[in-house]
Structure formats: structure tokens, C-alpha cells
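Me: Here is a structure I would like to go through term by term. I will ask what stands behind each label.

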Amino acid sequence: MSTAMLEIGDLHVSYGQVDAVRGVSLSLQAGQIVSIIGPNGAGKTTLLAAAMGLLPSKGRLRFAGEDLHGLDVESRVERGLCLVPETRELFGELTVLDNLMLGAYTKRLSRVTLRSRLDAVYGRFPRLAERRTQRADTLSGGERQMLALGRALMSTPRLLMLDEPSLGLAPLIVQEILSIVRGLRKEGVSILLVEQNARAALESSDHGYVLETGEIALSGESASLASDPRVQATYLGGG
Ligand code: ATP
């Protein structure tokens, strides 16, 4: 049996008295796009933060067979885990180029390696290349999301965790971003995709989980989830 790239088992995450994630189990195989859908406050962001090491958690948390507990955020990044938060966390007053360079900060890289990573990101996002000297706060919403993705790619992740990449974007731009995400998978980057836009998430993923009040309510192949009457009624506008 092959080792899962990400394996989460009976995971619990609390904020003081608030149990935000309650016994969640999920797994992601290398090369997969796995989506987590669910309403506001279900615990999706909390789950990603725990996987990244930004919040303490209890339970099973393994990446490529290695226990993540005890590894700090930087060590998780070095192993190939990367999170693009919902807030994007760009530095508005810095240029596109400077924001991209910050994505590689955890590793001491040679100039040649940095240059080749930058070229790869510019190749994927020609619009970022055109705007490389522009301040990040002058970009459109879609371009900001591209910059957030590009910055994450500077750390050459094996697993990219995306928190609501479609948030605040027009439908056409959402499609563009998700097609970029599917393209990344073809290059061997696995994706854990958290979305409130259930339709777009299920269309773009292999497998899906529905998270409700901190627990997995349903899971399955994305296509079967999309045709599940419960998912249709609650998340797909009645189908
Ligand atoms: P959203 O899509 O709105 O971000 P979510 O599914 O990502 O929702 P979380 O943000 O993970 O949900 O929140 C899960 C639960 O934990 C909610 O009840 C929320 O109120 C609570 N929570 C989140 N952050 C904190 C915090 N810093 N302190 C206390 N409770 C929190």
C-alpha cells in the first residue's frame, strides 16, 4: 500500500473552550486534488492552520509518512508543505518581485536557483512578469491571488493548501485560478483545496470532504458528492 501524502486522523483543534475541529480524518494521495467544502465557521481554516503548524492539534498528522507534530512551520515548509491563506497575506507596499522573493525566504538558495524559480513563476503567470515592479496593492483581485500562488510556488511545495482561493473573485477569474490549480497538479503538486464555492471545488477535485461544525459529515469522489442530494440541497443551490 502506498503512503498517503497527507494523513490526518482523529484530529482535534481547540481555541480554549471552543472545539473547532473535532475528530477529523482525511487523506490525500500524491497527485490528487482534494477539496474540503462546508459553511462558514465549520473549521476549514482551522484545519489548514493546524496542518501547517500555526495552531497546536491532537491526533494523527502525517506528511509523506512523517509525523508533523513537533515540526515547526519552517520545517514543514522545508518538507514541501505550503499554505496560501484566505487573506493572501501579501505585502501591499512591496513590489510583485519582492513579494515573490519572500516566498523563498525559508531556504538559503543560490542566486541561480532563485532566478530559475522566479522564471518558472513568471512563465506560469506572465501577468506577474509584466507587473514585476508594480506594488502589490495596485493589483486586481485575480492578480493578487496569482501573486499569492506564485509566492507559494517559490518554496517548491509538494502539497499546496489553498484557503478559499475563489474568495472575492468574479466567476471568470475563479475559473482561471482553478484552471491554474489543475495545471499545477499536472506538474506533480498535490492540492488541498478549501472552498465555500462548492460547485467550483467539486468540479476541480478528485475527492471531497464536507466539513460541518468541526466534523466530516460526508466524503467521497467529488463527482459522486456533487450528485448527492444532501450536497445538492445544502451546497449546490438545490442542484
Ligand atoms: P470561514 O469560511 O468563515 O473561514 P471556516 O470553516 O474556515 O470558516 P474557522 O475559521 O476554522 O471556520 O472557524 C471554526 C470555528 O472556530 C468557528 O466557530 C470560529 O468562530 C472559531 N474560531 C476561529 N478562530 C478563532 C479564534 N482565533 N479564537 C476563537 N475561536 C475561533
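Reply: This is a predicted model, in which local features need pLDDT of at least 70, side-chain atom pairs count only at pLDDT 80 or more, and totals for chains, interfaces and linings use all residues. Residues are numbered from 1 along each chain as its sequence is written, and side-chain values use heavy atoms, with hydrogens and water left out.

Me: Why is Leu128 called buried?

Reply: Buried means under 20% relative accessible area, exposed over 50%, and partly exposed in between (1.4 Å probe, protein chains only). Leu128 has 0% relative accessibility, so it counts as buried. Leu128 belongs to helix H5 (residues 126–130); helices (H or I, at least four residues) and strands (E, at least two) are DSSP runs, numbered from the N terminus.

Me: Is Asp228 buried or exposed?

Reply: The relative accessible area of Asp228 is 14%, so this residue is buried. Asp228 sits in the loop between helix H9 (222–226) and helix H10 (229–235).

Me: What makes the approach of Asp228 to Arg230 a polar contact?

Reply: A polar contact is a pair of N or O atoms within 3.5 Å; within protein, one must be able to donate a hydrogen and the other to accept it, and residues adjacent in sequence count only if both atoms are side-chain atoms. The Asp228 side chain reaches the backbone nitrogen of Arg230 at 2.7 Å.

Me: Why are Asp10 and Thr156 called partly exposed?

Reply: Asp10 has a relative accessible area of 46%, so it is partly exposed. Thr156 is at 39% relative accessibility and therefore counts as partly exposed. Asp10 is placed in strand E1 (residues 6–15), while Thr156 lies in the loop between H6 and E7. Each has a positive phi although it is not glycine: near 45° for Asp10 and near 40° for Thr156.

Me: How do you know that H1 is largely enclosed by the rest of the structure?

Reply: Eight of the nine residues of H1 are buried, so the helix is largely enclosed. The buried residues are Lys44, Thr46, Leu47, Leu48, Ala49, Ala50, Ala51 and Met52. Just after H1, Gly53 has a positive phi of about 95°.

Me: What span is expected for H7, and what does the model give?

Reply: The expected span of a helix is 1.5 Å times one less than its number of residues. Helix H7 (residues 171–186) has 16 residues, and its 23 Å from first C-alpha to last is close to the expected 22 Å. Its buried residues include Val174, Ile177, Leu178 and Val181.

Me: Which residues are closest to the ligand, and what puts a residue in its shell?

Reply: A residue is near a molecule or strand if one of its heavy atoms lies within 4 Å of it. There are 13 residues around the ligand, the closest being Asn40, Gly41, Lys44, Thr45 and Thr46. Helix H1 (residues 44–52) gives the most to this shell, with three residues.
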